[in-house]
There are 2 protein chains.
Amino acid sequence: MKQPYYYLDHAAATPLDDRVVTAMQPYLQDDFFNPSGPYAPAVEVRRDYESAKHRLAICIGAKLDEIVITAGATESINLMIHSTGGHIVTTAIEHHAVLEAVAQREHTLVAVGPSGVVRSADVRAAITPKTQLVSIALANNEIGTVQPMREIGEIVRAERARRIEAGEAAPIYFHSDASQGAGQLDINVARLGLDALTLNAGKMYGPKQVGLLWVASRIELIPLVVGGGQERGLRSGTENVAGVVGFATALELVCQRRKSESVRLGGLRDYLQQRLCDVFPDAVVTGSYKKRLAGHLHISFPGIDAERLVFALESRQVLVATGSACAANYGTRSHVLTALGVAPDIADGSLRITLGHLNDDTNIREAADILVEVIGNEYRRVGR
Amino acid sequence: MKQPYYYLDHAAATPLDDRVVTAMQPYLQDDFFNPSGPYAPAVEVRRDYESAKHRLAICIGAKLDEIVITAGATESINLMIHSTGGHIVTTAIEHHAVLEAVAQREHTLVAVGPSGVVRSADVRAAITPKTQLVSIALANNEIGTVQPMREIGEIVRAERARRIEAGEAAPIYFHSDASQGAGQLDINVARLGLDALTLNAGKMYGPKQVGLLWVASRIELIPLVVGGGQERGLRSGTENVAGVVGFATALELVCQRRKSESVRLGGLRDYLQQRLCDVFPDAVVTGSYKKRLAGHLHISFPGIDAERLVFALESRQVLVATGSACAANYGTRSHVLTALGVAPDIADGSLRITLGHLNDDTNIREAADILVEVIGNEYRRVGR
């Protein structure tokens, strides 16, 4: 791959891994058959498709028939929320997919302090007897904070036990969007204490518009898209065999490399953070230092206009996002930073730096030099 | 592409055209950026994405900002029906995506006679003052019958005019799923008299799980999937740039080749039909001979078990579907044939033969020889 730039925005998009492209290729042309076809080549494609779903299931410690393939994380989240009745508990720093999907529903947004870490006691306090879903992302897509899933999972299980004890019929489930964490954190659904999980191939070196919703078998989904009955009737449409085979390959690869990659990215991130904080003593790192994705650095240079900074960096081949790279948010202040109580001048001077496969020691050192120079120039320009 | 078989099931799936693969390739790795990113390479990807949508719009005679990209035709149909209030008129022979989506809604299924052609007078009679949508596929996916779109479009326009005159507020729109017809029929939305159109890349040598919904700008869509605000807020989720560029390339190619390809496929189909009807005088061709897709032949051999026949043909490298290849239908009798009043023994003996790019004079002649031999064997086996 040509790479004439320093790519520091892996949370926004990732290129397909070569092995993912290789795995997908046959299904574009030679093995293009409709998996619902009755003849042997179509049946083989069906088998490969189911096998890819099985590989996805294994990576998260689930069963094949609990996986529903969707067109990315956003649809997966919408399908989960659409399938839930009652009251929903989520946080003020969730992705827009969750916030928009719960907007028309009875819900509570749990507040989150400056650390960006959700307090499980606050989740407990937000749950009412009418709550049927708690949805909290494993890692925040803007600031990279990792949430205490096991603790929240235990709270949900305790509430479920209480309802059974009390003879209350309303179910309660714990869902998480792990799109941002999958390459760097354990995503075993039992260990996380989840009832439902969303994943996104496009954030893990797989194809865009491919994702999944895993739900424990006791959860009944209500389809958003009906028709030919694919995905056990839960999500109709001719299957994207190439995309799902690519997704499975991508997830297996990130799972295999997770530990070493976390250590590697953590080292690069810490170097970058140290360097920037040393040179710019009033730089502010957002959120918890400890409970954070290894490759994630959300850092602010108060008084600097981050949008200007992004363009200045781009002219030096450093590609980085402002504090929030969300489509809905561009040009406005991040709802995550606002929820954390970050002051406006800090929010407006923040960059989201997210590392991944396209980074190594050499290019991060070079990128650091450019960041120091360009940020220094901006500080001089504004006379600070 | 290797092709050790005779593929006669183009209505079920099509391989990607080489030029489609070439067009998609850059966006998988080199230009993988999130189109919502602020830096120049991402902005260029955004431009390519919008340009691909513009090319799609031009092919159907529409405007760029009237196109919503979806994960295939099924989602597109669901989005249209979800966005409609009131009563819906459709036909008894529609695809399951339409039938399932209208099932929970007030609707009328217009009956269709043995020709498979919807009578526009029947559509007119089914429209009530509460009707807000008429949805009829351009060409039927099982029997290939082409519907009188202009006539139906005029009926819808007349009803709209009547309501305006009468001061009635309820809108009425005409939607069509043209997934099956796009490679062989004119799909200019104005000439078809449509207010909304569904297309599917996977049926026209483009990628699976990529489709579009075009709606005239006066129609307000109600999103099924909310979140980051992509597709003007009507369908959120990080854009499948590779897929949409592939879709645009595929649609341009089929539009360019439409006339010559229709003539070519019509010739091959007529040869096959003639040959089979000559050798098997009790063979029955389903539906109108004239108002039919050029590459489509739905033919029945009464007394023969079509599922057995499909397997026998498969062992001779001829890949063909039974009368209905729909996932929801497999193993059961086709709702289309039932609606047409086709007798059970004719329905159960029917094949759907659909021709396309993988066919030429030579392989259709060879396939015809094999069909004649294998069908003959089956007739002998059942003693007829």
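Domain bounds, as I use them here, come from an automatic or database domain assignment. The model I examined is a predicted one.

**Entry 1: domains of chain A**

I looked up the division of chain A and found domain 1 (6-14 + 258-381) and domain 2 (18-253). I noted that the C-alpha centres of these two domains of chain A lie 28 Å apart. I then examined where they meet: 28 residues of domain 1 of chain A are in contact with 25 residues of domain 2 of chain A. On the domain 1 side, I listed helix H8 (241-279), strand S10 (296-300) and helix H10 (335-340) of chain A as the elements that give two or more residues. H8(A) gives the most to that side, with four residues. By class, I recorded 10 nonpolar, 13 polar and five charged residues on the domain 1 side.

**Entry 2: helices H3 and H4 of chain A**

I next inspected helix H3 (residues 73-82) and helix H4 (residues 96-103) of chain A, whose axes come within 9 Å and cross at roughly 30 degrees. Angles under 35 degrees count as roughly parallel, so H3(A) is roughly parallel to H4(A). I noted the crossing of H3(A) past H4(A) as right-handed. From H3(A), the contact is made by Ala73(A), Thr74(A), Ile77(A), Asn78(A) and Ile81(A); from H4(A), by Ala97(A), Val98(A), Ala101(A) and Val102(A). I classed the residues of this contact as seven nonpolar, two polar and no charged.

**Entry 3: the sheet of chain B**

I traced an open sheet of seven strands in chain B, in the order S2-S8-S7-S6-S5-S3-S4, with mixed pairing. Its edge strands are S2 (67-70) and S4 (107-110) of chain B, each pairing on one side only. I followed S2(B) to strand S8 (residues 211-215) of chain B, with which S2(B) pairs in the antiparallel sense over four bridges. Here Thr70(B) stands opposite Gly211(B) in S8(B). I also found H4(B) packed on the sheet, touching S3 (87-91), S4, S5 (131-135) and S6 (173-177) of chain B. The direction of H4(B) makes about 155 degrees with that of S3(B).

**Entry 4: chain B against chain A**

Finally, I looked up the interface and found 59 residues of chain B in contact with 59 residues of chain A. The elements that give two or more residues to the chain B side include helix H2 (40-60), helix H8 (241-279) and strand S12 (321-322) of chain B. H4(B) supplies the largest share of that side, four residues. I counted the chain B side by class as 29 nonpolar, 21 polar and nine charged residues.

Definitions and conventions. Residues numbered from 1 in each chain as written. Chains lettered and ligands numbered in written order. Predicted model: local features only at pLDDT ≥ 70, side-chain atom pairs only at ≥ 80, totals over all residues. Axes fitted to C-alpha atoms, helices over the stretch in contact; angles between N-to-C directions. Parallel < 35°, antiparallel > 145°, perpendicular 65-115°, else oblique. Left-handed = near helix turned anticlockwise from the far one by under 90°. Contact = placed C-beta atoms within 7 Å. Nonpolar A, V, L, I, M, F, W, Y, C, P; charged D, E, K, R; others polar. Pairing = 2+ DSSP bridges.
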